[in-house]
Amino acid sequence: MTNKKITQFTELNEAPSLSDVLPIVDLSEGLPANQNKKITVANFLSLGVIISNTACDASVSVGDIVRVDSATFVKAIATSEINSNVIGICISKPTSITCNVQTHGLTPAIFSGLDVTKNYLLSDSVSGALTYTAPTASGSIVIPIGRAYSATRFVIIIGQQLERA
């Protein structure tokens, strides 16, 4: 293969295959020789937006559904509009009071026992938890969070809040 600039490549005029590869220039690498990398279309499409190294309450665990309270991530719960204002899911905790939160897309394998036949909502009884049973109490909030991709991975698709009368 001859050396070409990316701008000289032939344009793809159809949807790429999930196994196709995209070039990446990783500017976080110090040495130019280590900056050229690749990612498959499948892996690229599965990535969501990740809010990194942000303050979070010490009670937040990996897999918890979170919201923001005074610039800090806290567990969300479907008891009111404010408490259920979901931002995403905690996918890792670099320290006990910082976390990485994914806002949409396919999560890493951080769960266990998810049921791929269910749509998941924010729980109104356990802070930070998923449930597939809609809250029924007056004033509680029904908010879709997403779907199981497998027993351990989840697709985040945060929906609109609906308050129970």
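## About the model

Residues are numbered from 1 along each chain as its sequence is written, and side-chain values use heavy atoms, with hydrogens and water left out. As the model is predicted, local features need pLDDT of at least 70 and side-chain atom pairs count only at pLDDT 80 or more, while totals for chains, interfaces and linings use all residues.

## The open sheet

Let's start with the open sheet of 5 strands, ordered S8-S13-S12-S9-S10 with antiparallel pairing. Strands here are DSSP runs (E, at least two residues), numbered from the N terminus, and two of them pair if DSSP finds at least two bridges between them. Strands S8 (105-106) and S10 (130-131) each have a single partner strand, so one side of each is left without a neighbour in the sheet.

S9 (residues 119-122) pairs with S10 in the antiparallel sense over 2 bridges. Leu121 stands opposite Thr131 in S10.

## Nonpolar cores

A nonpolar core is a set of buried Ala, Val, Leu, Ile, Met, Phe, Trp, Tyr and Cys residues joined through side-chain atoms within 4.5 Å. Buried means under 20% relative accessible area, exposed over 50%, and partly exposed in between (1.4 Å probe, protein chains only). The largest core has 15 residues, and Ile65, Val86, Ile89, Leu122, Ile145 and Phe154 have the most contacts inside it. Two or more residues come from each of S6 (86-95), S9, S12 (144-148) and S13 (154-156). Apart from this core lies another, of 7 residues, including Cys56, Cys90, Cys99 and Val101.

Beyond its neighbours within four places in sequence, Ile145 is in contact (heavy atoms within 4.5 Å) with residues including Ile65, Val86, Tyr120, Leu130 and Ile158.

## Loop residues

Thr152 sits in the loop between S12 and S13 and is partly exposed, at 30% relative accessibility. Neighbours within four places aside, Thr152 is in contact with Pro108, Ala109, Ile110, Phe111 and Leu114.

Now to the loop between S4 (65-69) and S5 (72-75), where we find Ser70 and Ala71. Most residues other than glycine have a negative phi. Phi of Ser70, however, is positive, near 55 degrees, and phi of Ala71 is positive too, near 65 degrees. Ser70 is exposed, with a relative accessible area of 68%, and Ala71 counts as exposed at 58%.

## A pocket

Residues lining the largest pocket include Ile6, Phe9, Glu11, Pro16, Asp20 and Pro23. A pocket is an open set of points on a 1 Å grid over the protein atoms alone, where a 1.4 Å probe fits, with protein on both sides within 12 Å along at least five of seven lines; lining residues have an atom within 4 Å of a point.

Conventions:
Helices (H or I, at least four residues) and strands (E, at least two) are DSSP runs, numbered from the N terminus.
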